[in-house]
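This report sets out selected features of one model, taking each part of the chain in turn. The sequence and structure come first.

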Amino acid sequence: MTQIFVEDINILRQPCERVKSYEDGKKIADELFLILKSSKGGIGLAANQVGINKKVCVVNVLTPTYFINPIIIESSGLIYFNEGCLSFPGQIVRTERYSEILVKADNFSSPKSFNFRESLLECVCVQHEIDHLSGITMYDRQYKEKRDGC
């Protein structure tokens, strides 16, 4: 299965629409997992990266996890991470991310916690994919060093 990922940043910066039912979200998640499995080196994928304008994303770092209409409801701490993205092959951006997040999604019975102690990669990946659904790319999270004017 050859997949062409959306690379147009203007398209990726459009927020996705909410999924109306669990069944629709699960169907999209299953499709995203198949695409992710066939991708080279991918660990996460948002629906809009493959032309589906719905708030569904998947992450496969520690265990395969899908998110339907996710939102980050709590966050704390800052970390810096060199991120890549299937939509921008070969490009790496140093981003500023949270070290701990709490995520609510329609397919979770209660919010799930992700943090750098359990898995830095998973914590960053979840933030990266949820950002995609809101029209935010890794370039929008790029760390900009603050200078003192020297």
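## Basis of the model

The model is predicted, and for that reason local features need pLDDT of at least 70 and side-chain atom pairs count only at pLDDT 80 or more, while totals for chains, interfaces and linings use all residues. Residues are numbered from 1 along each chain as its sequence is written, and side-chain values use heavy atoms, with hydrogens and water left out.

Helices (H or I, at least four residues) and strands (E, at least two) are DSSP runs, numbered from the N terminus. A residue is called buried under 20% relative accessible area, exposed over 50% and partly exposed in between, with a 1.4 Å probe and protein chains only.

## Helix α2

Helix α2 has 17 residues, which at 1.5 Å a residue should span 24 Å, and its end C-alpha atoms are 25 Å apart, in agreement with that expectation. The expected span is 1.5 Å times one less than the number of residues in the helix.

The buried residues of α2 are Gly25, Ile28, Ala29, Leu32, Phe33, Ile35 and Leu36. They cover an arc of only 165° around the axis, which puts them on the same side of α2; the arc is that of the directions from the helix axis to the C-beta atoms. The cover over these buried residues includes β1, β2 and β3, whereas the face turned away from the buried side carries the exposed residues Glu23, Lys27, Leu34 and Lys37.

## Nonpolar cores

A nonpolar core is a set of buried Ala, Val, Leu, Ile, Met, Phe, Trp, Tyr and Cys residues joined through side-chain atoms within 4.5 Å. The largest has 17 residues, and those with the most contacts inside it are Leu32, Leu45, Val50, Val56 and Val58. At least two residues of this core come from each of α2, β2 and β3, and the largest share, 6 residues, is supplied by α2. Apart from it lies another core, of 15 residues, among them Cys16, Val103, Phe108 and Leu133.

## Salt bridges

A search of the whole structure finds 8 salt bridges, each defined as a side-chain nitrogen of Lys or Arg within 4 Å of a carboxyl oxygen of Asp or Glu. In one of them the side chains of Arg13 and Asp140 meet at 2.9 Å, N to O. Arg13 lies in the loop between α1 and α2 and Asp140 in the segment after α3, so this pair ties together parts that are 127 residues apart in sequence. Arg13 is partly exposed at 35% relative accessible area, and Asp140 is also partly exposed, at 38%.

Arg117 forms a salt bridge with Glu100, the closest N and O atoms being 3.4 Å apart. Because Arg117 lies in helix α3 and Glu100 in strand β7, the pair ties together parts that are 17 residues apart in sequence. Arg117 is exposed, at 55%, while Glu100 is partly exposed, at 28%.

In the salt bridge between Arg141 and Asp131, the closest N and O atoms are 2.8 Å apart. Arg141 lies in the segment after α3 and Asp131 in helix α3, so parts that are 10 residues apart in sequence are tied together. Arg141 is partly exposed, at 31%, but Asp131 is buried, at 7%. Salt bridges that share partners join Glu83, Arg97, Asp131 and Arg141 into one network.

Asn48 lies in the loop between β1 and β2 and is buried, with a relative accessible area of 5%. A polar atom of its side chain lies 2.9 Å from the backbone oxygen of His132. Leaving aside neighbours within four places in sequence, Asn48 is in contact (heavy atoms within 4.5 Å) with Val6, Leu12, Gln14, Cys16, His132 and Leu133.

Gln14, found in the loop between α1 and α2, is partly exposed at 49% relative accessibility. Not counting residues up to four places away in sequence, Gln14 touches Asn48 and Gly135. A polar atom of the Gln14 side chain lies 3.4 Å from the backbone oxygen of Asn10.

Asn69, in the loop between β3 and β4, is buried at 3% relative accessibility. Its phi is near 50°, a positive value in a residue other than glycine. Most residues other than glycine have a negative phi.

Notes: Polar contact = N/O pair within 3.5 Å; in protein donor to acceptor, adjacent residues only side chain to side chain.
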